[in-house]
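Open the model in your viewer and keep the selection tool ready.

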Amino acid sequence: MTLADIGGTSSGGVDRQALSAEEIEAWRCVMGWAREADLQVATDDAGNLFVILRGSDQKAPPVLSGSHLDTQPGGGRFDGAYGVLAALEVLTVLAERGVKPCRDLIAVAWMNEEGSRFAPGMMGSEAYAGVRTLEEIRAARDATGMTVGKALDQLHAAFPGLPRRPLGAPLGAYLEAHIEQGPVLEAQRRVVGIVTGIQGKQTLEVEVRGDKGHAGTLAMSARRDALAAFARIASALYTEIGDHDPQVKFTIGHLCVEPNAPSIVPDRVVMRIDLRHPDNSTLTALGARLRVLCARHATPCQVQLMPLVDAPSNIFDTLLQELIETAAFRLGYPSLRLLSAAGHDARHLASLCPSAMIFIPCRGGVSHVQEEWAEPEHVSAGANVLLNVLFQLVRPI
Ligand SMILES: [Zn+2]
């Protein structure tokens with residue numbers, strides 16, 4: 001709740017966007033708690049924040065746990081912050097009890113998970129995992145034209161002398177605690193979600209091209225109206241893709257019409273499509289079907305598709321899933337295995353080291369809104385499971 005005050009809005013939400021003054025303040029707050037617990041702090045060139053409990057073997061790859069401190073513009077108190085603070089609490093408990101882990105145990109806050117100020121999101125984990133280069137990430141701009149590079153330099157300047165860890169340094173394991181952001185755990189009255197993986201998604205940009213014309217004089221039969229073609233395409237996609245089965249998620253969330261003037265037949269429409277499905281073969285088949293439907297219904301206009309993201313569902317480490325399930329069982333928390341419908345930094349870490357996620361319920365399944373809420377007993381249950389699993393991974397020899 002103290003952290004939620006930083007960027008807190010009058011309506012009870014949080015506006016703490018990536019690399020903003022508010023996020024710098026949140027770093028200061030978390031670093032204060034870390035130093036009170038005698039933990040060390042560090043960063044890296046991508047603006048990730050690390051809190052470190054030193055282990056006895058400095059050659060062994062560290063175990064990492066965390067999430068992100070940035071929020072959506074009208075975000076809530078738990079998305080991201082929960083995973084960072086749960087990890088910090090685990091380190092604090094171990095440090096207070098004088099536990100010296102067999103290898104470094106590190107709490108992490110990844111830079112720009114949300115992607116609302118600087119798009120796309122997950123920049124810190126992508127830079128760490130080598131999905132995108134730091135140069136590419138530093139070049140991205142916000143709505144005011146400010147680059148990630150400049151904002152990153154400002155963040156680092158606010159904390160002079162902070163040691164830097166190398167990007168991509170080997171890791172032993174990664175665990176992320178997070179609110180579910182969906183309704184499943186609450187509906188089934190479970191306290192702990194063992195996340196099996198992250199739902200696959202394809203995003204693409206579709207451009208429809210026709211010809212401009214006078215709205216009063218050009219005969220309907222002679223028109224190549226890009227918006228009319230879009231309407232046919234969209235209708236076919238909602239029916240054939242969106243209604244394919246109950247698990248599909250199909251969204252046209254962005255639309256651009258040109259010249260967007262009341263008396264001119266539009267000659268260009270651009271849409272962004274977000275398509276998700278837990279089953280990879282279905283996702284691939286729907287993606288292919290989508291291309292056929294676009295081509296068929298565009299006539300007499302032309303259509304071009306540009307794939308932006310093609311990420312199949314991933315599977316988290318099965319041994320870590322078992323450790324989470326066993327810990328939840330021993331602590332008496334009813335649990336459930338489920339696929340994450342939303343994306344998380346853990347997706348990128350999974351390509352570097354054994355990775356997994358722990359979900360807790362959130363009220364009404366809602367997230368990215370000011371009403372976002374998790375019950376205190378669920379917050380502590382998730383952190384207890386995290387403590388038990390992390391302790392097994394760094395147990396003193
Ligand atoms: Zn999040």
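Select D104. In this predicted model, D104 counts as buried, because its relative accessibility is 9% and the cut-off for buried is under 20%. D104 sits in the loop between α2 and β4, and R54 in the loop between β2 and β3 (63–68). The partners are 50 residues apart, so look for distant parts of the chain being linked here. R54 counts as partly exposed, at 32% relative accessibility.

Next, select D153 and R138. They form a salt bridge too, and its closest N and O atoms are 3.0 Å apart. D153 belongs to helix α5 (residues 148–157) and R138 to helix α4 (residues 134–139), 15 residues apart. Both ends are partly exposed: D153 has 41% relative accessibility, and R138 has 28%.

Move on to D274 and K201. This salt bridge has its closest N and O atoms 3.9 Å apart. D274 is in strand β11 and K201 in strand β7, so the pair ties together parts 73 residues apart in sequence. Which of the two is buried, and which partly exposed? D274 is buried, at 19% relative accessible area. K201 counts as partly exposed, at 24%. Then select E207, R209, E258 and R268, which salt bridges with shared partners join into one network. In total, the structure holds 16 salt bridges.

Keep D274 and K201 selected and show the pockets. The largest pocket has a volume of about 1,800 Å³. It is lined by 48 residues, and those closest to its centre are K201, D274, R276, A342 and G343. To trace the lining, colour β7 (200–209), β9 (249–258), β11 (268–277), β12 (302–311), β14 (335–340) and α10 (346–349), each of which supplies at least two residues. Colour by class next: the lining has 17 nonpolar, 18 polar and 13 charged residues.

Stay with β12 and pick V309, which lies in that strand. V309 is partly exposed, with a relative accessible area of 34%. With V309 they form a nonpolar patch on the surface, and together the three have about 240 Å² of accessible area.

Now go to the second largest pocket, with a volume of about 510 Å³. Helices α2 (81–96) and α11 (376–394) each supply at least two lining residues. Which element gives the largest share of this lining? It is α2, with nine residues. By class, the lining has 15 nonpolar, four polar and two charged residues.

Rolling a probe the size of a water molecule over the atoms shows where empty space is left. The structure holds one cavity of 30 Å³ or more. The largest cavity has a volume of about 40 Å³. Select its lining: V30, L49, V51, V84, L88, A107, V108 and A109. The largest share, three residues, comes from β4. How many of the lining residues are nonpolar, polar and charged? Eight are nonpolar, none is polar and none is charged.

Notes. Residues are numbered from 1 along each chain as its sequence is written. This is a predicted model: local features need pLDDT of at least 70, side-chain atom pairs count only at pLDDT 80 or more; totals for chains, interfaces and linings use all residues. Side-chain values use heavy atoms; hydrogens and water are left out. On a 1 Å grid over the protein atoms alone, a cavity is a set of points where a 1.4 Å probe fits but cannot get out, and a pocket is an open set with protein on both sides within 12 Å along at least five of seven lines; lining residues have an atom within 4 Å of a point. Grid points are joined across faces, edges and corners, and a volume is the space filled by probe spheres set on the points. Helices (H or I, at least four residues) and strands (E, at least two) are DSSP runs, numbered from the N terminus. Ala, Val, Leu, Ile, Met, Phe, Trp, Tyr, Cys and Pro count as nonpolar, Asp, Glu, Lys and Arg as charged, and the others, Gly among them, as polar. Patches are made of residues with over 30% relative accessible area and no salt bridge: like charges are joined within 9 Å, nonpolar side chains (Val, Leu, Ile, Met, Phe, Trp, Tyr) within 5 Å. Accessible areas come from the Shrake-Rupley method with a 1.4 Å probe; for residues, only the protein chains shown count as cover. A salt bridge is a side-chain nitrogen of Lys or Arg within 4 Å of a carboxyl oxygen of Asp or Glu. Buried means under 20% relative accessible area, exposed over 50%, partly exposed in between (1.4 Å probe, protein chains only).
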